[in-house]
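Please study the structure shown below and work through the exercises on its aromatic rings. Each task is followed by a worked solution.

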Amino acid sequence: MGDFMYERGIAPCGVAVETIYGADEKSAKVWKLFAMQIFSEAEGDYRAITHLENGAPILEGIPKRISVSHTSHCMMIASLPKTPENNLETVNPRTALGIDIEKADREQVIKIREKFLNEDELKIVVLSSDHDEPTEEEIKNNILAWTCKEALYKAVMGKAPDWKEDYRIISLPAVARNMSHASPDKYGKGIIKTEAGEMEMRLSSWEFEGHIVTLAFSEKIAKYHKASSL
């Protein structure tokens, strides 16, 4: 497994993010199996990822919220500190966390944007242009919006059904050059409509190896405050 890379750090928002990448020559199926094994064996004690009935990922026997996203050869796992006082099967501002990663040049997202963006959101991502083809900036904005919607959906484990109206992007985050530079002044804002009412969310994004990564989180989440607390 020497051709795989593993990194772990804490984003400025207090979320721990583990990244497995590399080994591009392996098939997507084999790559994912190896990546999951690397994650499970990293950081000491063995950690197995299982799933709740609704499909949301969870660490077996460990009371901490996680969120997982992967492309063909990159996987990221975001996590919060242990919160045994919270039921991880329910939506709670203390554990509302989602992560999504997507290739920065995936133009196919533009073809389906009307399916997941409402009219106000389309005004944010569609640039006025005389060109028939989308500009590089417009492609990036659409992919960024897609990752925001996916991360918001994961933050409440898909418990709100309407992609256009239940998960709303109020403002897009600025995409930082890496995770350590994804500071609060670059955050965007989202709103999730839940059974208990609306939940305000923060959106934090950065670039990684040709990808755009977005975290969606409540300001009330349980946070890591320094690397030694991991």
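The exercises below concern ring pairs in a predicted model.

**Exercise 1.** Classify the aromatic pair formed by Phe-4 and Phe-34, and locate both residues in the chain.

Solution. The ring centres of Phe-4 and Phe-34 lie 5.8 Å apart, and rings pair if their centres lie within 6.5 Å. The angle between the planes is 55°. Stacked pairs have planes under 30 degrees apart and edge-to-face pairs over 60, so the Phe-4 and Phe-34 pair is tilted. Phe-4 belongs to strand S1 (residues 4-10) and Phe-34 to helix H1 (residues 28-41). The two residues are 30 residues apart, and the pair links distant parts of the chain.

**Exercise 2.** Determine whether Phe-4 is buried or exposed, and do likewise for Phe-34.

Solution. The cut-off for buried is under 20% relative accessible area. Phe-4 has 8%, so Phe-4 is buried. Phe-34 has 28% relative accessibility and therefore counts as partly exposed.

**Exercise 3.** Classify the pair of Trp-146 and Trp-163.

Solution. The ring centres of Trp-146 and Trp-163 are 6.0 Å apart. Their planes meet at 20°, so the pair is stacked. Trp-146 lies in helix H5 (residues 136-155), whereas Trp-163 lies in the loop between H5 and strand S8 (167-171). Trp-146 is buried, at 15% relative accessible area, while Trp-163 is partly exposed, at 23%.

**Exercise 4.** Which residues do ring pairs link into a cluster with Trp-146 and Trp-163?

Solution. The cluster joins Phe-116, Tyr-153 and Tyr-167 to these two residues. In total, the model has 9 aromatic pairs.

How values were computed
Residues numbered from 1 in each chain as written. Predicted model: local features only at pLDDT ≥ 70, side-chain atom pairs only at ≥ 80, totals over all residues. Heavy atoms only, no water. Helix = DSSP H or I, 4+ residues; strand = E, 2+ residues; numbered from the N terminus. Buried < 20%, exposed > 50% of the residue type's maximum accessible area, 1.4 Å probe, protein only.
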